[in-house]
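Please keep the model in view while reading the points below.

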Amino acid sequence: MQATYHQHILEFKRPSGTSRGVMNTKETWFLVMEENGRRGIGECGILRGLSVDDTPDYEEQLKWVCDQLEAGNRDLHEKLQAYPSIQMGVEMGLRSLQRDHPFILYPSDFTEGKTGIPINGLIWMGDPDFMQEQIRQKLSAGYRCIKMKIGAIDFEKELSLLKGIRDRYTAEELILRVDANGAFSPEEALDKLERLAEFALHSIEQPLAVKQWEAMAQLCKSTPVPIALDEELIGVFDQDTRRLVLDEIQPQYIILKPSLVGGFRESEHWIQLAEERGIGWWVTSALESNVGLNAIAQWTHTLDTNLHQGLGTGSLYTNNVSSPLQIQQGKIKYNPKSEWEFNFNSCL
């Protein structure tokens, strides 16, 4: 096998804001493998400032992986536990290498273009006019589920935006989610959730910052809005600790970002534990390029879930990899008549 790694800096079409700050670019890394005339590609979608593997030796670890693969060692999953985005890239790349088409990892009605996956439309933080414009665009594009980032601008203005949506659409007509990215303090969280509940929200993601289990558990017990754990799952590697997180906090939902929790295998572990406890779940991309988004969407389709997924981030960049992925009427779809534009030769 020949294995190489390559950095790609994705550039946002416009700055994208969360309660953690504004992003203009997003770093990602491709693992490219070639063996016996076949080619495979995996994406290591590190998210600086959030990924647990945001470490100075990240590139050094990628080089080690390539050396191991070329030496014939493919059983790297456990050794990469501290590098979940690289776990994801290796798992994805090896699966890609085994397929007849490097970008068809999970053949299905989805990859044949017969069905799509319903997704939420993501509303980024910004001034109220910008957020209102995003909302108008998503609604006119046919989305039936919208997720709004909150926690960075004035809370009253955020409530006003939500009220404007609910004045036009009932909860039966439009699902509303919000994502606080840990922006609330334990002291204010319940009061804010009670005010948010006026707008019949589906859920709120990560209202408190991570590792406040006792406060989060109390909030989940008394909340008028279902709570979904997101960042709380990052860096939780072993099954016993995962069970403890879910048993202690008892959230209504968890959210799986494969690039941040260790790929598809580790995501499926989380799903199994959640389902055993009656906890709901959905899948979200973590700002990968279309290469990673494609793999995540194909895998998600195999899970046979009816909830809206968070897979609508492919159109954020000016220099994304051109792919057959399309968004139509609030669903992500794969058009098998379209071509991929990924230059393997320039990477090898």
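Helix 3 (residues 128-140) has 13 residues, and its first and last C-alpha atoms are 18 Å apart, close to the 18 Å expected at 1.5 Å a residue. The expected span is 1.5 Å times one less than the number of residues. The model is a predicted one, in which local features need pLDDT of at least 70 and side-chain atom pairs count only at pLDDT 80 or more, while totals for chains, interfaces and linings use all residues. Residues are numbered from 1 along each chain as its sequence is written, and side-chain values use heavy atoms, with hydrogens and water left out. Helices (H or I, at least four residues) and strands (E, at least two) are DSSP runs, numbered from the N terminus.

**Helix 3 and its ends**

- The N-terminal end of helix 3 is capped by Asp127, which has a side-chain oxygen 3.1 Å from the backbone nitrogen of Asp129.
- Phe130, Met131, Gln134, Ile135, Lys138 and Leu139 are the buried residues of helix 3. Here, buried means under 20% relative accessible area, exposed over 50%, and partly exposed in between, with a 1.4 Å probe and protein chains only.
- Gly142 follows helix 3 and has a positive phi, near 95°.

- Seven strands form an open sheet in the order 5-6-7-8-9-10-11, and their pairing is parallel. Two strands are said to pair if DSSP finds at least two bridges between them.
- Strand 5 (121-123) and strand 11 (280-283) are the edge strands; each has a single partner strand, so one side of each is left without a neighbour in the sheet.
- From one strand to the next, the twist averages 25°. Axes are lines fitted to C-alpha atoms, for helices over the stretch in contact, and angles run from 0 to 180 degrees between N-to-C directions.
- Strand 8 and strand 9 are paired in the parallel sense over two bridges.
- Strands of a sheet pair through backbone hydrogen bonds, either parallel or antiparallel.

**Glu205 in strand 8**

- Glu205 belongs to strand 8 (residues 203-205), and its bridge partner in strand 9 is Ala228.
- Is Glu205 buried or exposed? Glu205 is buried, with a relative accessible area of 0%.

- The largest nonpolar core has 74 residues, and Leu196, Ile204 and Ile254 have the most contacts inside it. A nonpolar core is a set of buried Ala, Val, Leu, Ile, Met, Phe, Trp, Tyr and Cys residues joined through side-chain atoms within 4.5 Å.
- Helix 10 supplies the largest share of this core, six residues.
- A second, separate core has 18 residues, among them Leu80, Ile86, Leu94 and Leu97.
- In soluble globular proteins, nonpolar side chains tend to be buried together.
- Apart from its neighbours within four places in sequence, Ile204 is in contact with residues including Ile150, Phe184, Leu193, Leu196 and Val225.
- Val225 lies in the loop between helix 6 (213-222) and strand 9 (227-229), and it counts as buried at 1% relative accessibility.
- With neighbours within four places in sequence left aside, the contacts of Val225 are Leu193, Leu196, Ala197, Leu201, Ser203 and Ile204.
- Val225 and Leu190 are 35 residues apart along the chain, and their C-alpha atoms are separated by 9.5 Å.

- An open sheet of three strands has the order 4-13-12, with antiparallel pairing.
- Strand 4 (117-118) and strand 12 (325-328) are at the edges with a single partner strand each, so one side of each is left without a neighbour in the sheet.
- Four bridges join strand 12 and strand 13 (residues 331-334) in the antiparallel sense, and Ile327 stands opposite Ile332 in strand 13.
- Helix 10 (residues 290-302) lies across strand 4, strand 12 and strand 13, and runs at about 100° to strand 13.
- Strand 2 (residues 21-35) and strand 3 (residues 38-44) pair in the antiparallel sense over seven bridges, with Cys44 in strand 3 as the bridge partner of Trp29.
- Two residues lie between strand 2 and strand 3 in this hairpin, and Asn36 in the turn has a positive phi of about 50°.

**Helix 9**

- The 14 residues of helix 9 (residues 263-276) should span 20 Å at 1.5 Å a residue, and the end C-alpha atoms are 20 Å apart, which agrees.
- The buried residues of helix 9 include Phe264, Trp270, Ile271 and Leu273.
- Among the elements that cover the buried residues of helix 9 are helix 2 (84-98), helix 7 (239-249), strand 10 (253-256) and helix 10.

Notes
Contact = heavy atoms within 4.5 Å. Polar contact = N/O pair within 3.5 Å; in protein donor to acceptor, adjacent residues only side chain to side chain.
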